[in-house]
Amino acid sequence: MKYNIVGEPLPAVICDVDAGETLITESGAMSWMSPNMKMETTSGGGLGKMFGRMLSGETLFLNRYTAQGGKGQIAFASSFPGSIRAIEIAPGREVIAQKSAFLASESTVQLSTFFQKKMGAGFFGGEGFVMQKLSGQGIAFVEIDGYAVEYNLDAGECIVVDTGYLALMDSTCSLEVVTVPGVKNALFGGEGIFNTVVNGPGKVVLQTMPASAVAGSIIPYIPSGN
């Protein structure tokens, strides 16, 4: 497979595939394709994985697109202004991503549910109790809300992240939730009561414009119904 990411901040990834090559994506992510790309809708591993995808913000079903009779082309567009990142997945190089980050991947990449080890990380950390884990082998495309900022954390290093700004991290990283110190800071600081702390070692990718933050800034300007 060859690919080209175009059009930021409203990006799409255009994939050129060989005959018989298959890509998987969530329902509704395909934007355009050559006529020899055959689509097959699948549960992607049965009811258990379907339920896990629902919890992690994905659609219940996955679509498989296979080039038939020759080379094919297919494009997947981002659902929110930002960027698309191509991530090389391999054994020992799995990543954990935010809800709805998965866009598409080679069929050898496995999409599964990742549960936080600490309950607090799920209910208060802003990323949800359930996140996505990408494993297996191959290229996966993920959506980043806004601009992506990368940090490489050594063992013992950490970074404090406000709600919603964590896009993805290596599976070698871990999450914990801490309270903002001081009652006045927590109540009047405008940053919320909890922060997410990402501990190394591993790469962390942050995003500058979470969809949740954009929605929160727009809500006050929406007229309320009578």
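This report describes the sheets, nonpolar cores, aromatic pairs and cysteines of a predicted model.

Residues are numbered from 1 along each chain as its sequence is written, and side-chain values rest on heavy atoms, with hydrogens and water left out. Because the model is predicted, local features need pLDDT of at least 70 and side-chain atom pairs count only at pLDDT 80 or more, whereas totals for chains, interfaces and linings use all residues.

**The six-stranded sheet**

Strands here are DSSP runs of E with at least two residues, numbered from the N terminus, and two strands pair if DSSP finds at least two bridges between them. Six strands form an open sheet with antiparallel pairing, in the order β11-β12-β9-β16-β19-β14. The edges are taken by β11 and β14, each of which has a single partner strand, so one side of each is left without a neighbour in the sheet. From one strand to the next the twist averages 20 degrees, where axes are lines fitted to C-alpha atoms and angles run from 0 to 180 degrees between N-to-C directions.

Several pairings within this sheet can be followed residue by residue. Strands β11 and β12 run antiparallel and are joined by seven bridges, and Phe114 stands opposite Met131 in β12. Met131 belongs to strand β12, which spans residues 130–136, and Met131 is buried, with a relative accessible area of 0%; buried means under 20% relative accessible area, exposed over 50%, and partly exposed in between, using a 1.4 Å probe and protein chains only. The C-alpha atom of Met131 is separated by 5.5 Å from that of Gln98, although the two residues are 33 apart along the chain.

Strand β19 (residues 202–207) is mostly covered, since five of its six residues are buried. It pairs in the antiparallel sense with strand β14 (residues 148–153) over six bridges, and there the bridge partner of Glu150 is Val205. Strand β19 also pairs antiparallel with strand β16 (residues 166–170), over three bridges, with Leu206 in β19 as the bridge partner of Leu166.

**The three-stranded sheet**

An open sheet of three strands has the order β15-β18-β17 with antiparallel pairing. Its edge strands are β15 (158–161) and β17 (174–179), each pairing on one side only. The twist in this sheet averages 30 degrees from one strand to the next. Strand β17 is joined by six bridges to the antiparallel strand β18 (residues 194–199), and Ser174 stands opposite Asn199 in β18.

**Nonpolar cores**

A nonpolar core is a set of buried Ala, Val, Leu, Ile, Met, Phe, Trp, Tyr and Cys residues joined through side-chain atoms within 4.5 Å. The largest core has 17 residues, of which Ile89, Leu134, Ile144, Leu168 and Val205 touch the most other members. Two or more residues each are given to this core by β8 (82–89), β9 (95–97), β11 (109–115), β13 and β16, and the largest share, three residues, comes from β13. Leaving aside residues up to four places away in sequence, Leu134 touches several residues, including Ile89, Val95, Phe102, Leu111 and Val142, where contact means heavy atoms within 4.5 Å. A second, separate core of 15 residues includes Leu23, Ala29, Ala67 and Phe76.

**Aromatic pairs**

Rings of Phe, Tyr and Trp (its six-membered ring) pair if their centres lie within 6.5 Å, and planes under 30 degrees apart count as stacked, over 60 as edge-to-face and the rest as tilted. By this rule the count comes to two aromatic pairs.

| Pair | Centre to centre | Angle between planes | Geometry |
|---|---|---|---|
| Tyr3 and Phe141 | 5.2 Å | 75 degrees | edge-to-face |
| Tyr65 and Phe76 | 6.5 Å | 65 degrees | edge-to-face |

The pair of Tyr3, in strand β1 (residues 2–6), and Phe141, in strand β13 (residues 138–145), links distant parts of the chain, 138 residues apart. Tyr3 counts as partly exposed at 38% relative accessibility, whereas Phe141 is buried, with a relative accessible area of 0%. Tyr65 lies in strand β6 (residues 62–67) and Phe76 in strand β7 (residues 72–77), so their pair ties together parts that are 11 residues apart in sequence. Tyr65 and Phe76 are both buried.

**Cysteines**

With a disulfide taken as a pair of cysteine sulfur atoms within 2.5 Å, the count comes to zero disulfides. Cys15 counts as buried at 0% relative accessibility, while Cys158 is partly exposed, with a relative accessible area of 44%.

Definitions and conventions:
Helix = DSSP H or I, 4+ residues; strand = E, 2+ residues; numbered from the N terminus.
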